[in-house]
Amino acid sequence: MNLLSLLRPRKPASAHPPLAAGNTRRLHDFHGGIHPPQHKTLSNQTPIRPGPIPRTLVLPLNMHIGAPALPCVQVGDTVLKGQKIADASGPVSAPVHAPTSGVVSAIEARPIQHPSGLDALCIVLDTDGEDRWAPLTPHPDYHLLPRAELVNLIREAGIAGMGGAGFPTAIKVNLRDSQRIEQLIINAVECEPYITADDRLMRERADGVIAGVQALQYLVQPQETLIGIEDNKPEAIAAMRAAAANTDIEIVVVPTKYPSGGEKQLIQVLTGKEVRAGGLPAEVGVVCHNTGTAWAIHRLLSHGEPLISRITTLTGTAFSNPGNVEVLLGTQVRDLLAFGGVTVPDNGEYSYGEYSGRLIMGGPMMGFSIDHPAVPVVKTTNCIIAAPPEELPEPEPEQPCIRCGACAEVCPADLLPQQLYWYSKAGEFDRAQHYNLMDCIECGACAYVCPSHIPLVQYYRFAKGALRQQAAEQQKADRARERFEARMARIEREKAEKDAKRQARLAASRQKQAPGSSTAPTVDMAALKAASLEASSAYKAAVKALKAAEATGDGDAEALRAEADALKARADSAKAAVRDAKDSGAATTPAVPASDPVADLKKAVAEASSAYKQAVKAAKEAEASGSAEAASLRAEADTLKGRADELKNALREAKEQAPAVTPAPPAADPVAELKKAVGEASSQYKSALKAAKAAAEDNADDADALRARADELKARADQLKAELRDAKERAPATVAPVAPATLTTPATPDTQAATDATAPVAASTDADSAARAKRMKALKTAYNMASKQWKDASAALERATREGADDLAVQQARVDKLKKKADLAKEQLNLLVDEAKAAMKQATGSDLKTLKLAAARSESAAREKTAALAAAREAGDEAQITVLQQELAAAEQAALEAARTLKQAVADQGLADV
Amino acid sequence: MALIKVTSPHATGQQRTGRLMREVMLATLPGLAVLTWLFGWGSLINVIWAMLIALASEAAVLKARGKDVAFYLRDNSALVTAVLLALAIPPSAPWWLTLIGVSFSIVVAKQLYGGLGMNPFNPAMAGYVLLLISFPIEMTRWFAPGEGPEHFMGSVHLFLGRYAETVDLMTGATPLDSFRTWAGDATALANEHILHGVFAGVGWEWVNVAFLLGGLYLLWRGIITWHIPAGFLGALALCALPFWLYDPARFASPLFHLFSGAAMFGAFFIATDPVSAATSRWGRLIYAALIGVLIWVIRSLGGYPDAVAFAVLLLNLAAPTIDYYTQPRTYGHDKAKRGTG
């Protein structure tokens with residue numbers, strides 16, 4: 001025996017030994033507990049009465065724990081009794097049924113059964129008084145149904161735990177195959193003072209309750225079934241014993257002690273088992289259901305009735321006619337007050353007249369006071385107490401805690417309520433948590449015995465709320481950080497991919513231009529390797545984020561999984577590329593670094609600073625919205641700034657070191673690229689068309705705009721197609737891909753394919769330039785469109801992320817796709833620009849830079865002359881003026897010529913617009 | 001709308017701090033009666049005088065602190081402190097001794113630490129120790145049982161400090177003093193009349209029986225739990241037993257220890273002060289047992305005849321630490337938590 005149990009004050013085993021004598025099992029005790037005055041005879045002396053059919057029923061969409069139901073009727077619909085009016089909206093949810101026939105008059109926010117007096121969405125039903133039933137299907141032979149079907153019946157009937165929390169019953173009876181239930185416990189303890197709903201139910205309808213329990217037995221297949229009843233209900237015990245006489249159901253009489261009706265406490269009393277902190281009873285092989293729930297299941301199976309009414313105790317000395325009433329769900333408290341004989345003058349919709357005192361929904365220990373008599377009865381409302389101030393007076397003022405420890409003596413969870421109080425009051429929530437604050441069941445025993453009237457439970461609720469909020473904020477910050485990391489990884493990966501691709505293309509084009517000069521592999525191994533590494537590290541980061549999300553039960557898990565899969569695929573392909581490159585380049589000389597370091601650095605600088613800008617923006621937004629992530633985002637932004645600065649420095653150095661390096665002019669295969677462009681354009685067109693159609697179906701406002709855009713895209717696609725046709729006709733040889741022979745066989749001067757492939761590029765003609773200019777123009781448009789779409793989509797994604805939309809994965813995929821498209825267009829454009837520049841050099845003998853420089857120089861020379869001339873005029877030096885005037889004319893002429901040459905060259909190569 | 005909007009629980013028990021304190025005072029009545037019977041009216045006068053001082057000084061401090069004087073006075077805690085201290089002071093004490101002790105208890109030991117519920121030390125014992133150290137003669141001047149002033153006026157003279165007018169009174173050693181003086185000398189011990197009452201020291205055994213009765217009343221009323229008296233008395237007896245068996249001439253018997261000096265008073269009324277004691281079940285046992293051990297050590301080996309005040313004050317300081325390490329195992333947890341984490 002545990003030594004500690006010796007230290008506990010002894011409590012009488014039972015006040016009614018003869019009753020408990022019927023027990024065949026040894027009962028266990030739980031620590032603490034209190035014996036408040038019962039006040040049960042106030043309401044348990046009369047039979048259950050049918051409740052009124054009020055003019056209006058107000059049915060909250062969240063009568064249960066879990067997601068609110070979704071209305072499936074509309075205002076103005078006529079509904080029948082028992083007809084479903086709201087659907088379950090998720091796995092943890094329960095439908096709502098019409099408690100009587102009538103017309104749906106509103107679906108709006110009304111005061112509901114919330115401790116804080118909140119309003120929530122309710123279906124308001126104007127009853128017609130006819131009480132016409134919808135057709136019902138009873139299932140008396142439910143034993144023949146598969147269990148899953150029976151579970152579904154219970155779910156569809158909207159049955160939720162009728163004892164306290166209102167947890168959807170279908171979930172509790174839907175066990176996994178691996179779960180073995182040792183005890184099915186029916187909680188008929190009803191330990192709170194005043195409440196007698198279960199008492200009367202068992203006295204009058206014991207057979208039905210037992211039938212419901214048998215259905216539960218069929219569902220959970222327990223080894224034994226126990227019904228726990230407190231020994232203050234001798235009539236109920238007798239009735240239940242009689243009803244259970246020929247079954248394997250055991251009626252167990254438990255000593256009257258509050259809170260022995262608490263789920264965990266009852267399990268301990270009946271079985272001696274303790275449920276792990278934060279765990280569920282099913283983990284120790286126990287399932288608990290309430291008597292009222294068993295009765296509701298019985299009504300469903302024997303009559304086909306969904307849950308539309310419940311037995312509610314009307315009690316408190318303000319009722320002249322107290323007792324138990326079978327109340328239609330949605331009946332407002334004021335209708336029950338009138339029904340029970342509390343005088344309520346009828347002066348206006350929400351007025352409550354002269355009644356003063358406390359109006360409590362639930363019991364006096366754990367119920368909550370309502371301040372609005374329009375609050376409706378819901379599935380969990382077991383009691384309405386109307387108590388004048390003489391009965392339940394205003395709480396006395398709080399006195400200092402004298403550490404008497406009475407609270408610790410009565411705590412059923414064996415906490416130190418006093419310590420919890422000090423820490424909660426001081427705001428030391430971590431300490432309070434260390435003292436197991438979260439295990440408090442808020443039974444109120446501590447506050448009941450406190451000689452200083454300290455509202456202890458209120459302090460605990462406050463501290464629990466603060467702790468929950470802390471946890472939520474922490475989780476939010478973690479999620480934001482994971483998202484940010486994933487995003488950075490993605491950006492890095494995309495950059496690496498892009499670099500690798502560009503390198504590959506550059507190498508390929510170099511090979512095409514000079515087939516005989518090199519046997520170098522077409523790809524830069526280092527870049528490929530880097531890309532592969534980055535891709536796999538991005539994948540790993542994504543997997544980490546996914547795991548974290550799954551652990552926290554985050555809604556983003558799906559999106560993250562999709563992203564992780566995509567990254568995996570990318571990492572695999574990057575690895576494959578490295579392998580391929582190794583295989584093909586095994587016999588060749590090491591890779592020639594193909595990229596221009598300065599250009600790369602420039603790009604890196606641009607990317608880094610744009611990342612920095614984005615981060616700053618995000619941080620600002622976070623700060624504006626007062627988000628907790630602001631600080632971390634700001635820190636990230638600073639890091640990025642540092643990186644950008646570093647890169648800038650590196651760029652400056654690189655420029656100084658390598659001023660003469662110019663990139664090798666790349667040469668792309670125009671036909672292949674055109675094909676690609678055509679494909680993209682037409683796919684763009686198709687998706688735009690689809691969007692437009694969808695928008696038109698939805699009568700969206702932007703349908704016309706979408707349609708216009710689709711048309712535009714169509715035109716572009718057509719144009720590109722035409723260009724492709726032209727290009728094919730003009731340059732059939734360019735269709736040939738890079739000959740594989742050039743990769744593996746030693747190149748010879750007479751390798752025909754290579755010569756053919758490079759010929760058109762080498763001998764640039766006016767016709768080529770014109771075609772290129774046209775294509776460049778088209779590509780530029782394509783790039784602008786794609787990049788605009790990408791930016792729009794990114795903004796939309798960001799909005800969606802902030803608002804926590806469901807389709808983030810889809811949106812993310814869209815953003816990625818558009819980004820890719822934009823990048824592709826830009827790259828093609830850059831290639832063409834490079835090509836054009838090369839052609840220009842060939843045509844004019846100097847490159848664009850030189851030309852620009854010449855033009856600028858001559859222009860500045862002219863300006864100098866103008867300035868000198870002005871100075872000479874001021875000085876009045878006639879001879880000088882004449883000389884200068886001549887020189888200025890010459891300089892102006894030169895500048896004009898240089899500008900013309902530049903313009904011509906640019907126009908020739910179609911670079912004007914780029 | 002006249003609805004009262006409060007959170008659960010709506011039902012509250014009947015216990016009130018003021019009532020609780022009143023019951024504690026009520027439970028001291030048997031002890032007070034026996035003290036008066038044995039030593040004259042001095043104890044009663046002291047108690048009433050101390051209550052007046054306590055009310056006045058508590059009210060003055062509350063007013064200075066800007067608190068609701070009437071509301072806080074109603075908790076009766078100042079009166080309890082006054083009664084406990086007055087019962088501990090010898091009946092021959094002059095008025096100023098009580099005044100200094102009680103006002104120190106209330107103003108310094110209680111209110112300066114933040115008032116009811118915040119004081120680390122038992123206020124009555126803090127005041128007692130202050131007096132014992134500052135005024136050792138007045139604080140140890142007990143009459144031989146039954147030899148106190150016969151008339152009420154004699155006690156009044158003493159109270160007014162006119163000790164010289166009552167010199168014919170027999171002052172004498174208490175049983176603890178006496179045993180301490182003659183410990184080791186079996187013959188002398190046998191000749192000491194005061195050591196041989198019905199079952200413990202003459203007179204003082206009945207004082208302790210009276211406080212035991214009062215303590216049982218508190219237990220019955222559920223105002224204290226059994227942990228502290230049991231730990232206190234059990235440890236004291238357990239310490240005394242082996243030494244007494246080893247050498248009865250040098251070490252007093254467990255029964256003598258339990259019914260001498262302030263043992264019962266301390267076990268049921270002093271160590272049980274909830275504010276300054278440990279609060280968890282195991283904590284209370286350990287706290288009280290350590291007090292019992294300390295009392296035996298100081299009585300048998302230390303320099304003072306009795307030691308309840310010192311032992312209680314020392315353990316008051318240890319109470320928070322004891323509580324940290326004696327948290328109960330919460331439902332649903334494998335192990336009890338230790339320390340503050």
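**Entry 1: a residue pair in chain A**

I looked up A:Val58 in this predicted model and found that A:Val124, a residue of strand 8 of chain A, stands opposite A:Val58. I then turned to the strands themselves. Strand 2 of chain A and strand 8, which spans residues 119-127, run antiparallel and are joined by five bridges.

**Entry 2**

In chain A, four strands make up an open sheet with antiparallel pairing, and their order is 2-8-7-4. I noted that strand 2 (56-60) and strand 4 (78-79) of chain A each have a single partner strand and stand at the edges, so one side of each has no neighbour in the sheet.

**Entry 3: the contact between the chains**

I asked how many residues each chain brings to the contact. Chain A gives 73 residues and chain B gives 48 residues.

**Entry 4: polar and charged links**

I found a count of four salt bridges between chain A and chain B. One salt bridge is formed by the side chains of B:Arg16 and A:Glu396, at 3.0 Å from N to O. I also recorded 24 residue pairs in polar contact between chain A and chain B, both residues being at pLDDT 80 or more.

**Entry 5: the chain A side**

I checked which element supplies the largest share of the side of chain A that touches chain B. Strand 15 of chain A (residues 356-361) does, with five residues. By residue class, I listed this side of chain A as 39 nonpolar, 19 polar and 15 charged residues.

Note on methods: Residues numbered from 1 in each chain as written. Chains lettered and ligands numbered in written order. Predicted model: local features only at pLDDT ≥ 70, side-chain atom pairs only at ≥ 80, totals over all residues. Heavy atoms only, no water. Pairing = 2+ DSSP bridges. Contact = heavy atoms within 4.5 Å. Polar contact = N/O pair within 3.5 Å; in protein donor to acceptor, adjacent residues only side chain to side chain. Nonpolar A, V, L, I, M, F, W, Y, C, P; charged D, E, K, R; others polar.
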